[in-house]
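Please study the structure shown below and work through the exercises that follow it.

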Amino acid sequence: RAISRGNEAWEISTESKTYRAATVILALPVNRALTLLAAHAPPLAALPTARIATVALGFTGKAQVPFGFGYLAPEREKRFAMGALFSTRMFPGRAPQGRVLMEALVGGRRHPERLELSDDELISRIYDDLRQLIPLPEPPCFSRVLRGDSGIPQLEMGYPALLAWKDSLEQELEGLHLCGFGWEGIGMNDMMKTAKMVADKILLRTGGKRPEPEVRPVYF
């Protein structure tokens with residue numbers, strides 16, 4: 001619920017009790033962390049986010065899903081789905097024997113209105129979209145719409161200033177380390193790289209330097 005620096009230690013307040021610690025790793029999504037650190041005047045109250053829904057579609061073995069990771073569709077193609085992950089091509093056991101699973105993405109920064117559609121409408125529209133690209137002779141034998149509460153942080157113009165503030169804060173406040181979803185990127189690779197850097201700082205007392213911050217276009 002709150003973190004603060006006392007005379008000799010950090011205090012972390014939760015719903016049930018308060019903990020004291022010499023070192024705090026605040027591994028929360030970036031906007032949740034900024035809420036807890038608002039007293040330290042971050043340059044942004046929050047990064048803008050893009051919400052997406054994931055629509056899982058299962059098919060029989062007649063579906064000719066290509067081998068590969070999946071695809072993202074350029075906006076200029078004006079497709080309904082932003083793209084799809086070929087789940088059973090990436091991970092064994094994601095569907096019963098003889099079945100294939102795809103996970104399509106819809107919504108994003110450009111089309112938040114699509115998240116207001118009903119589950120049935122999303123499933124129908126995405127199936128029609130996917131079968132224009134992939135031979136899907138039968139409708140899905142399984143479907144589920146997953147609507148997350150949070151969104152994907154967009155690393156836009158204020159992002160480099162936010163990282164500079166983060167570095168300054170960590171130097172100023174001994175024992176505080178910030179990492180988690182959206183600080184250094186949105187991918188697992190980004191977060192694992194940052195987590196290792198934080199671990200090195202704590203365990204090996206090394207400085208650790210990131211590459212120059214990059215302003216990226218709309219992620220999704």
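Predicted model: local features only at pLDDT ≥ 70, side-chain atom pairs only at ≥ 80, totals over all residues.

Residues are numbered from 1 along each chain as its sequence is written, and side-chain values use heavy atoms, with hydrogens and water left out.

**Exercise 1.** Determine whether the span of helix H5 agrees with its number of residues.

*Solution.* Helices are DSSP runs of H or I with at least four residues, and strands are runs of E with at least two, numbered from the N terminus. Helix H5 comprises the 17 residues 188–204. The expected span is 1.5 Å times one less than the number of residues, so H5 should span 24 Å. The end C-alpha atoms of H5 are 23 Å apart, which agrees.

**Exercise 2.** Identify the buried residues of H5 and what they pack against.

*Solution.* Buried means under 20% relative accessible area, exposed over 50%, and partly exposed in between (1.4 Å probe, protein chains only). The buried residues of H5 are Asp 190, Thr 194, Val 198 and Ile 202. They cover an arc of only 100° around the axis (taken from the directions from the axis to the C-beta atoms), and therefore lie on the same side of H5. These buried residues pack against strands S4 (24–27) and S12 (176–179), where contact means heavy atoms within 4.5 Å.

**Exercise 3.** State where Ala 41 and Lys 78 lie and whether each is buried or exposed.

*Solution.* Ala 41 lies in the loop between helix H1 (30–36) and strand S5 (49–50), and is exposed at 57%. Lys 78 lies in the loop between strands S7 (70–72) and S8 (83–85), and is exposed at 72%.
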